[in-house]
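Have a go at each task before you read the solution.

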Amino acid sequence: MKIWIAKQKALIDFTLSSLARRKLKNLGLLLVYTLIVFLLASVMLFTHALRHEAAQVLKGTPEVIVQRMVAGRHDLIPPGYIEKLGRIRGVQHIEGRLWGYFYDPLVKANYTFMSPTAGNINEIQIAAREIVIGAAVARARGLAAGNLISFRSYTGKLFVFTVASVLPHDAELVSADLILLSEADYRAFFDIPVGFYTDIALSVANPQEVRNIAGKLAETLPDARLILREEVLRTYESIFNWREGIVLVLLSGSILAFAIFAWEKASGLSAEEKREIGILKAIGWETGDVLKMKFWEGALVSLTAFLLGYIAAYLHVFHFSTALFEPVLKGWSVLYPRFELVPVVDGFQVATLFFFTVFPYTVATIVPIWRAAITDPDAVMRG
Amino acid sequence: MIKLTNIRKAYNQGQHNEFWALNGIDLEIEAQKVTALSGPSGSGKSTLLSIVGCMARPTSGRVQLAGRDISGLPERFLTDIRRSTFGFIFQQYNLIKGLSARDNVMLPAYPLGGDWRALHERADLLLDTFKLGHRRNAPVEWLSGGEQQRVAIARALINDPQVLIADEPTANLDTALSREFLSILESLKQQCKTILLSSHDPLVVESSVVDRVVRLRDGHLPGGAE
């Protein structure tokens with residue numbers, strides 16, 4: 001074993017000196033290779049982290065959302081609806097929610113108005129004529145706690161609010177465009193009478209029963225549309241997969257160009273290289289030693305590129321907020337959330353990337369050597 | 001030490017350009033002596049050196065090394081014998097460009113997996129012996145012809161072989177450098193190395209260092225050994 005390690009060390013040492021002879025060419029290759037791994041890994045890490053984040057956020061959301069439909073359009077939940085649902089077995093908790101969108105022509109952005117009394121952020125108590133705003137809204141309008149802001153509602157009435165506070169930065173992924181206000185203010189602003197709600201959120205005692213309960217709900221309320229959490233999750237998945245796909249398609253041209261370049265570089269054996277293999281064999285190297293040396297050459301180049309590219313991608317995604325792909329991967333918006341993703345690395349994804357980058361290059365390096373390495377060593381003596 | 005019996009070697013056998021480089025060579029090479037193969041170009045000197053040095057197998061005939069028949073051994077065993085028993089000095093030196101003199105010297109020892117530091121020390125010692133210590137880190141293409149040949153000799157000696165094989169060692173050297181080579185040969189002989197070389201340079205063939213001259217012509221030994 002000790003001899004084996006010493007032998008590999010010697011071969012690696014030779015490989016490094018050998019690579020250093022063509023410094024510019026090999027550094028160029030390493031750079032392009034690293035860049036490709038960096039681009040691919042950035043897309044993979046970012047979409048995976050977003051998917052993970054979305055799943056974490058949705059964990060805290062209700063299992064079922066009930067919306068009322070009129071003529072195929074979303075309508076308000078009228079009084080008496082919530083009472084009807086309470087009689088269905090298995091439903092643990094029901095609450096009417098008040099939320100909606102408001103377009104601010106000043107910054108050409110949509111805000112999400114929400115009353116926290118019947119929403120997710122129950123713990124926040126908001127006084128009359130006060131609002132709590134998301135960080136992106138604060139940035140867009142230059143607001144801070146204590147500032148006054150006015151919105152002209154859809155009825156044409158002007159409402160003036162005091163900013164009570166700005167929501168914390170770490171919740172920005174879900175609260176960037178959010179404006180929280182009291183139930184009374186919400187109803188007054190959107191002109192929604194008491195007893196009416198935007199939709200209803202249901203939590204179910206046993207998550208396995210969600211589909212059965214959804215079936216019962218559909219029977220009880222034939223005019224309702226049911227949105228299940230698992231469906232939302234699936235939609236998110238498809239959106240991120242689709243966006244990942246788009247970026248990968250855009251990258252495919254460069255990946256293909258690199259593949260051709262790398263194949264050419266790795267598999268093309270110059271006359272000089274053939275001569276060197278002959279010399280090595282003549283002075284006592286076995287065919288296996290030559291192959292091992294070439295294996296190390298391929299493995300060192302591709303492993304270094306993989307590690308450098310992956311580390312750079314990790315920093316790009318989790319420390320520099322994926323600055324390069326932000327617009328494509330995050331989707332379109334006026335109010336972009338500024339957030340730092342929780343670093344999540346999927347082992348399977350790393351293995352896939354590793355397999356499709358390191359493996360082909362290493363094989364491409366070894367295969368052509370095989371033919372040169374099995375030639376008779378006396379060719380050197382005769383040549 | 002090395003015994004060749006009825007050695008024949010054909011290239012491109014069975015094809016229209018079939019060529020017999022050696023036609024029934026019987027030869028014994030004595031240990032710790034300098035034997036020179038002499039003859040015109042195409043007489044079979046290099047082919048014979050390849051066969052003795054386990055680089056090529058004879059088409060027919062037997063090669064015995066210290067009483068052991070090695071002509072039928074598979075490549076792995078031949079390689080093993082080649083790197084432990086023989087050291088080679090090629091006509092064109094066959095150094096690897098871009099690598100330093102020391103890296104070139106150490107090359108034959110890499111696949112053996114010996115102690116790394118000891119190998120470096122051995123290489124440095126050999127380079128010092130051949131007055132190349134100050135050039136150890138220089139890429140070999142920066143060295144003069146004579147220096148390159150000395151690097152090639154140091155490389156041939158790195159695994160401390162019993163037998164040194166040199167193919168036309170003075171072909172690319174002027175008279176002064178050829179004499180320098182012969183003095184190195186003398187010192188190697190004093191270290192009890194067996195040396196087999198091919199040359200048609202009278203300076204070498206007629207040198208007192210050479211114990212025996214074997215003349216080859218058209219793959220035969222017409223006059224036998226002198």
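**Exercise 1: an antiparallel sheet**

Task: find out how strand 1 (residues 2–11) of chain B is joined to strand 2 of chain B.

Solution. Start with the pair itself: strand 1 and strand 2 of chain B run antiparallel, joined by eight bridges. Two strands pair if DSSP finds at least two bridges between them; strands (E, at least two residues) and helices (H or I, at least four) are DSSP runs, numbered from the N terminus. A quick housekeeping note: residues count from 1 along each chain as its sequence is written, and chains are lettered from A and ligands numbered from 1 in the order written. This is a predicted model, so local features need pLDDT of at least 70 and side-chain atom pairs count only at pLDDT 80 or more, while totals for chains, interfaces and linings use all residues.

Next, pick one bridge: Lys9(B) has Leu22(B) of strand 2 as its partner. Then zoom out: the open sheet has four strands in the order 2-1-4-5 (chain B), with antiparallel pairing. Strand 2 (19–29) and strand 5 (68–69) of chain B are the edge strands, each pairing on one side only.

**Exercise 2: a parallel sheet and its helices**

Task: work out which strands of chain B stand at the edges of the five-strand sheet.

Solution. First, write down the order, 6-7-8-3-9 (chain B), for this open sheet with parallel pairing. Strand 6 (86–89) and strand 9 (212–215) of chain B each have a single partner strand, so one side of each is left without a neighbour in the sheet. From one strand to the next, the twist averages 20°.

Contact is scored when C-beta atoms, placed from the backbone, lie within 7 Å; axes are lines fitted to C-alpha atoms, for helices over the stretch in contact, with angles from 0 to 180 degrees between N-to-C directions.

**Exercise 3: where the chains meet**

Task: say how many residues each chain brings to the contact.

Solution. Count both sides: 25 residues come from chain B and 25 residues from chain A. On the chain B side, helix 2 supplies the largest share, four residues.

Technical notes:
Contact = placed C-beta atoms within 7 Å.
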